[in-house]
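Morning, everyone. Let me put today's model on the screen.

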Amino acid sequence: MPDRLKRINPAHTLLYLILTTGAIITLIPLVWTLSTSLHSARDISLGAQTWIPTPAVWSNYREAVDILPFGRYLANTMVLVAAAEFGALVTCSFVAYGFARLDFPGREPLFLILISTMLMPYIVRLVPLFVFYGEIGWLNTYLPLTIPDLLGRNAFYIFLLRQFFRGIPFELTDAARIDGANDFRIWWTIVMPLAKPVLATVAIFAFQSTWDDFLGPLIYMGGDPNLRTLAVGLYQLKNTPGGDNLMPYLMAMSILTMLPVILIFAVGQRFLIRGVTMTGLKG
Amino acid sequence: MSGLPVTDRTYSGAAIAAPTRTPLTWRIRKYLGFVFISPWLIAFLAFDLIPTASAFWYSFTDWNVISGSSNWVGTANYREMIEGDRLFWPSVRNTLYYVGVSVPLGIVAGFFLALLLNTKIRFQGAYRTLFYLPAVVPTVAATLLWIWVFDTRNGLLNRALGVVGVDPIRWLTSPDYSKQALIIMSLWSIGGSMVIYLAGLQSIPEDLYEAADVDGASWLSKTFRITIPLMTPTIFFNLLLGIIGSFQVFNAAFIMTGGGPVNSTRFYMLHLYETAFQDSRMGYACAMAVALFMVVLAVTLFVNWSSKRWVFYS
């Protein structure tokens, strides 16, 4: 047995070979995108693309940002992100405290309903909500994509937070209660600081899913060109006539919209993976 | 610190505090939970329950936001789906094909990758990060990237295939390859499920493998006799999520092909989207949404029921 670990093992070589091939296949489309974004439009349409562009046309990035009202789209996206973050970190946490630490009639059935909303196809709500928003004048405003989040509609975040809150020892909160703290205080001053890891997880999820959302902003806000998000704006750019000539710009914009999520992933990988696995194991 | 016995005691937190408290605060405290869950409760009623219930109601009407009609038509919408709408069944077939191929492939590939990465190798963290990376790339950016990879003339894939002498394939403009293209793209992000499998694999007790080593079991037999049986709950979870998610495949097809060519990527959701937001036939769209809801519910219940036969809960 010990010999197997020391010598070069053919099974291990095969393992590295498969993994490295897989990693290269996974990575290559991203490298290709980056390479495209640094070519001139002319080179691309002539099929003269090489892996390493010489010279690298960095001006594509500046021009891509100018083709679209990039700042405007970024601002719109950030409004939605801000609402999602507040909803996830404050409202969902508040609700999760109720489910995790308080006893009230009907808690278990209500929690079951909460869980089941995660499995419901969102399309069923989509059409009636679209018409409803139209009737109350919410279409082409930020409201359809901020108010539900601010009210803590996201069952998944509530679920994750509740799981964590349940694990906090009750001695800690009981001690505060004896000192006269009420549940609002206990939630804010004891549970919230202890929950930083899971709050980080939820914050990353909220950022990613809001940044990624396409159908919501397209349907509810897409009618007003000033309210496009980055995802919708990028899609519109692709649909512009002559989109083929825009390929380097499209790829530059794609890289730009990927950067924040990849950066956050790099920094918060630990929290993200923990969140993903929490979902899996509780299934 | 084991929280369990403590949890049981304080779950009815009011009960232990009761002797020192007056009955009035006891009674108020009993309903305090509602204050905490009230934001969600309001959101659930306004943005989940009422819209879902109205979808059921509207599915029996000819509700059209352009013509303004909204009459009770009984089951006409459902009958139209089954025998009137010539694009309905193609969209169902496309979706089933997509679910039937991409979900099993994704599970096998994701599980296999997790098995490989669960061995004691160097750079394990780096590999894991790399494979997971596509799962965080925003959908629209990922789709644009793949449109370019699939480009018939200058795309990366056809260039690579050209090296080994394969003629250019019209990935996105031929009905024979369009679904395959979307499936290939979906496999790019198997890193998401891989991470879930990895967590499951790491929770398998090491002593089981040690016992098997004593018996001289091979890697293969350990995989099939220990790993896979113990992983069935996680596989089950991914299967369910995969099926539900793939039934609702939309973004990639909408951006990449718009349902074409020749309706070969017109998936159920795409057909529903066009019915509602281009034809403004909200009643019929609601009927389609309700039908999808029923199918997802049935699949969930079926997978759940059948899991009793093959899922191993320790």
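Predicted model: local features only at pLDDT ≥ 70, side-chain atom pairs only at ≥ 80, totals over all residues.

Start with chain A. What does it have in the way of helices and strands? Chain A has 15 helices and 0 strands. Along the principal axes, the C-alpha trace of chain A spans about 75 × 75 × 35 Å. As for burial, 41% of the 283 residues of chain A count as buried. Now the contacts in chain A with a separation of 6 or more: 76% of them join residues 24 or more positions apart.

Next, the core. The largest nonpolar core has 141 residues. Which residues have the most contacts inside it? They are A:Ile158, A:Leu161, A:Val202 and B:Ala289. Helix α5 of chain A, residues 70-101, gives the most to this core, with 13 residues. Take A:Leu161 as a case. Leaving out residues up to four places away in sequence, A:Leu161 touches A:Cys92, A:Ser93, A:Ala96, A:Ala195, A:Val198 and A:Val202.

Last, a helix pair in chain B. Helix α4, residues 76-84, packs against helix α15, residues 282-310, with their axes 9 Å apart. The angle is about 70°. Angles of 65 to 115 degrees count as roughly perpendicular, so α4(B) and α15(B) are roughly perpendicular to each other. On the α4(B) side, the contact is made by B:Asn77, B:Tyr78, B:Glu80 and B:Met81. On the α15(B) side, the residues are B:Gly283, B:Tyr284, B:Ala287, B:Met288 and B:Ala291. By class, that contact has 6 nonpolar, 2 polar and 1 charged residues.

How values were computed: Residues numbered from 1 in each chain as written. Chains lettered and ligands numbered in written order. Core = buried A, V, L, I, M, F, W, Y, C linked by C-beta atoms within 7 Å. Buried ≥ 20, exposed ≤ 12 C-beta atoms within 10 Å, placed from the backbone. Helix = DSSP H or I, 4+ residues; strand = E, 2+ residues; numbered from the N terminus. Contact = placed C-beta atoms within 7 Å. Axes fitted to C-alpha atoms, helices over the stretch in contact; angles between N-to-C directions. Parallel < 35°, antiparallel > 145°, perpendicular 65-115°, else oblique. Nonpolar A, V, L, I, M, F, W, Y, C, P; charged D, E, K, R; others polar.
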